[in-house]
Amino acid sequence: MLSPIKYPPRLDLARIPTPLQFLSRASDKWGAGKRLWMKRDDLTGATLTGNKIRKLEFIAAHALEHGFQTLVTCGGVQSNHCRATALVAAQLGLYCHLVLRADGEPEQNTGNFLLDQLAGATFEILPAREWATQLKALYARLESEFAGAGRPALMIPTGGSDSLGIWGYIAATEELRSDLNEHGIQRAALTLATGSAGTQTGLTAGVAMFDLPLDVVAYAVCDDADWFNRRVAHDWQASLARWPQLPRIDLSPKTRDHSVGPGYGLADVSVYELIAELIRLEGVVLDPVYTGKAFHGLLADLREGFYRDVDDIIFVHTGGVFGLFAHENQLMGVASAAS
Ligand SMILES: Cc1ncc(COP(=O)(O)O)c(C=O)c1O
């Protein structure tokens with residue numbers, strides 16, 4: 001079906017549509033009578049894997065269209081978004097510079113951080129305590145330095161979550177409409193991890209725009225539910241201001257925050273145990289920073305009857321596999337405990 005919405009320019013970077021996979025063994029074990037499904041957005045590519053690629057299709061198209069030669073973005077040392085941006089830049093022949101949040105020099109050259117460097121991205125470290133106060137000024141300085149050097153930079157916010165990135169998951173909801181038809185799903189909860197709220201905003205908006213029988217529930221991996229609900233509303237308003245083709249509708253974001261645990265990037269042992277268990281049950285690999293935490297929160301809600309009104313629950317697997325390698329010690333702890 002042709003979409004009635006006029007999308008901005010887009011590159012073809014992601015391997016989509018991704019499969020909607022029924023998790024039969026996980027449903028038997030944890031489903032409490034519901035069917036558990038996974039939208040495999042970890043399969044959008046091999047190294048270019050995860051949710052960020054859907055956003056970058058629009059962000060990178062904008063960069064090329066407007067003559068930017070550098071992509072600048074930021075995130076934690078193990079940011080999946082930074083790694084995806086570095087690889088997209090390499091693929092398109094653009095420069096990439098990353099502002100990475102860390103206290104001191106990163107101890108491990110592993111996972112996403114290793115790939116950033118292999119892809120030729122340059123980087124600088126901004127200490128976590130200075131992030132809130134210094135990032136804006138640093139972005140302004142980098143923008144003018146790259147312009148001065150004849151390599152103008154597109155300054156991409158954390159997670160690619162802005163009025164451009166939002167289109168990635170608006171488009172993904174059109175894919176979900178076909179998935180629902182193909183699998184005969186009448187009504188479902190659509191669950192996901194939320195970190196910088198871009199995926200959540202795109203899905204919440206897309207579901208409302210296309211009137212899909214889905215109830216979007218996001219699981220925070222940091223901050224609290226209020227913060228995310230306000231952020232979605234704010235980013236949606238910014239998108240409405242930029243794109244006249246978006247319908248003037250109000251969004252009602254739903255965020256759950258009981259699975260944040262000790263904080264961003266930190267997880268309780270029960271999350272590591274769940275990751276190991278799901279690998280053994282379904283051969284599906286979650287990560288401790290985003291998807292593992294969110295899936296953990298979803299299972300807790302299932303046990304407590306939060307999903308009593310639906311028969312089907314879809315979890316969007318937003319990727320993150322490379323981040324796993326920075327958690328080797330915790331994972332080996334649960335792997336040896338289970339064997
Ligand atoms: C694997 C993974 N899942 C989920 C998210 C959250 O997506 P968003 O930043 O759009 O909220 C991220 C963001 O960094 C991620 O890397």
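Two strands count as paired here if DSSP finds at least two bridges between them. Helices (H or I, at least four residues) and strands (E, at least two) are themselves DSSP runs, numbered from the N terminus. With that in hand, take Thr70, which stands opposite Ala153 in β6. Strand β3 (residues 70-76) and β6 run in the parallel sense and share three bridges.

Before going further, a word on what you're looking at. This is a predicted model, where local features need pLDDT of at least 70 and side-chain atom pairs count only at pLDDT 80 or more, while totals for chains, interfaces and linings use all residues. Residues are numbered from 1 along each chain as its sequence is written.

Back to the sheet that holds β3 and β6. This open sheet has four strands in the order β5-β4-β3-β6, and the pairing is parallel. β5 (122-126) and β6 (153-155) sit at the edges with a single partner strand each, so one side of each has no neighbour in the sheet. On average, neighbouring strands here are turned by 25° against each other, direction ignored; axes are lines fitted to C-alpha atoms, for helices over the stretch in contact, and angles run from 0 to 180 degrees between N-to-C directions.

Now for the other open sheet, which has six strands. Their order is β1-β2-β10-β7-β8-β9, and the pairing is mixed. Leu190 is the residue opposite Val216 in β8. Helix α10 packs on this sheet, touching β7, β8, β9 and β10 (312-317), and its direction makes about 140° with that of β7. Contact here means that the C-beta atoms of two residues, placed from the backbone, lie within 7 Å.

Helix α10 (residues 291-303) also meets helix α9 (residues 269-282): their axes come within 9 Å and cross at roughly 95°. That makes the two helices roughly perpendicular, a label for angles of 65 to 115 degrees, with under 35 counting as roughly parallel, over 145 as roughly antiparallel and the rest as oblique. On the α9 side the contact is made by Ser270, Val271, Leu274 and Ile275, and on the α10 side by Gly292, Lys293, Phe295 and His296. Sorted by class, these residues are four nonpolar, three polar and one charged. For the classes, Ala, Val, Leu, Ile, Met, Phe, Trp, Tyr, Cys and Pro count as nonpolar, Asp, Glu, Lys and Arg as charged, and the others, Gly among them, as polar.

Let's step back to the whole chain. It is divided into domain 1 (20-49 + 162-338) and domain 2 (52-160), with bounds that come from an automatic or database domain assignment. The C-alpha centres of domain 1 and domain 2 lie 24 Å apart. Where they touch, 22 residues come from domain 1 and 23 residues from domain 2. Helix α6 (residues 166-183) gives the most to the domain 1 side, with five residues. That side has nine nonpolar, twelve polar and one charged residues.

Then there's the ligand. Its shell holds 20 residues, and the closest are Asn80, Gly159, Tyr290, Thr318 and Gly320; a residue is near a molecule or strand if its C-beta atom, placed from the backbone, lies within 6 Å of it. The elements giving two or more residues to this shell are α3 (80-92), β7 (188-194) and α7 (198-209), and α7 gives the most, with three residues. By class, the shell has three nonpolar, 16 polar and one charged. Domain 1 and domain 2 each supply at least three residues to the shell.

The peptide bond from Ile16 to Pro17 is cis, with omega near 5°, and Pro17 is in the segment before β1. Asp211, in the loop between α7 and β8, has a positive phi of about 55° although it is not a glycine.
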